[in-house]
Amino acid sequence: MPRRLISTGSPFEKIAGYSRAVIDGDFAFVAGTTGYDYTTMTMPGDVTSQSRNCFKTIEAALKEGGFALADIVRVTYYVTDANDADAHFAVCGEVLGEIRPAATLLVVAGLLKPEMKIEIEVTARRRTA
């Protein structure tokens, strides 16, 4: 199976030279995804809404590549404020509570833009059974 690139259509993907996701065989690698609402091109102010938007974008990229959220095996979270972790984890529990992938959370000094509170990247493996 050839490598396949998944795009959200954002012009930034071409400018920065990346894909939202890369499908390579039974694996999907989803790039770091921030909380933009791509229907309105706005960034909500709270981490809960940003986390939900991250997962919506990730789910859409996985679906386009023939994967589901249940295929996620690894997730990395980057938050800019440790105080946001509990609110973010509540969303993770809603979305990934039954999937329970291996996970890492890092508190970072900042993301590309100051309004970005969370960034999420995932790796998924297509289930054969």
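This is a predicted model: local features need pLDDT of at least 70, side-chain atom pairs count only at pLDDT 80 or more; totals for chains, interfaces and linings use all residues.
Trainee: What order do the strands of the open sheet have?

Mentor: The order is E1-E2-E3-E6-E4-E5, six strands with mixed pairing.

Trainee: Which strands stand at the edges?

Mentor: Strand E1 (4–6) and E5 do. Each has a single partner strand, so one side of each lacks a neighbour in the sheet.

Trainee: And how much are neighbouring strands turned against each other on average?

Mentor: By 10°, with direction ignored.

Trainee: Take E4. Is its pairing with E6 parallel or antiparallel?

Mentor: Antiparallel, over seven bridges between E4 (residues 72–79) and E6 (residues 118–125). Ile72 has Ala124 as its bridge partner in E6, and Arg74 stands opposite Thr123.

Trainee: How many bridges join E4 to E5?

Mentor: Six, and those two strands run parallel. E5 covers residues 102–107. Tyr78 has Leu106 as its bridge partner there.

Trainee: What does the chain pass through from E4 to E5?

Mentor: Helix H3, residues 85–96. The β-α-β crossover is right-handed.

Trainee: Different topic. Which residues form the nonpolar patch on the surface?

Mentor: Phe12, Ile15 and Leu112, with about 360 Å² of accessible area together.

Trainee: Where is Phe12 placed?

Mentor: In helix H1, which spans residues 11–16.

Trainee: Why is Phe12 called partly exposed and not exposed?

Mentor: Because its relative accessible area is 40%, while exposed means over 50% and buried means under 20%.

Conventions:
Residues are numbered from 1 along each chain as its sequence is written. Side-chain values use heavy atoms; hydrogens and water are left out. Patches are made of residues with over 30% relative accessible area and no salt bridge: like charges are joined within 9 Å, nonpolar side chains (Val, Leu, Ile, Met, Phe, Trp, Tyr) within 5 Å. Accessible areas come from the Shrake-Rupley method with a 1.4 Å probe; for residues, only the protein chains shown count as cover. A salt bridge is a side-chain nitrogen of Lys or Arg within 4 Å of a carboxyl oxygen of Asp or Glu. Helices (H or I, at least four residues) and strands (E, at least two) are DSSP runs, numbered from the N terminus. Buried means under 20% relative accessible area, exposed over 50%, partly exposed in between (1.4 Å probe, protein chains only). Two strands pair if DSSP finds at least two bridges between them. A crossover is right-handed if, with the strands pointing away from the viewer, the path from the first strand over the helix to the second runs clockwise. Axes are lines fitted to C-alpha atoms, for helices over the stretch in contact, and angles run from 0 to 180 degrees between N-to-C directions.
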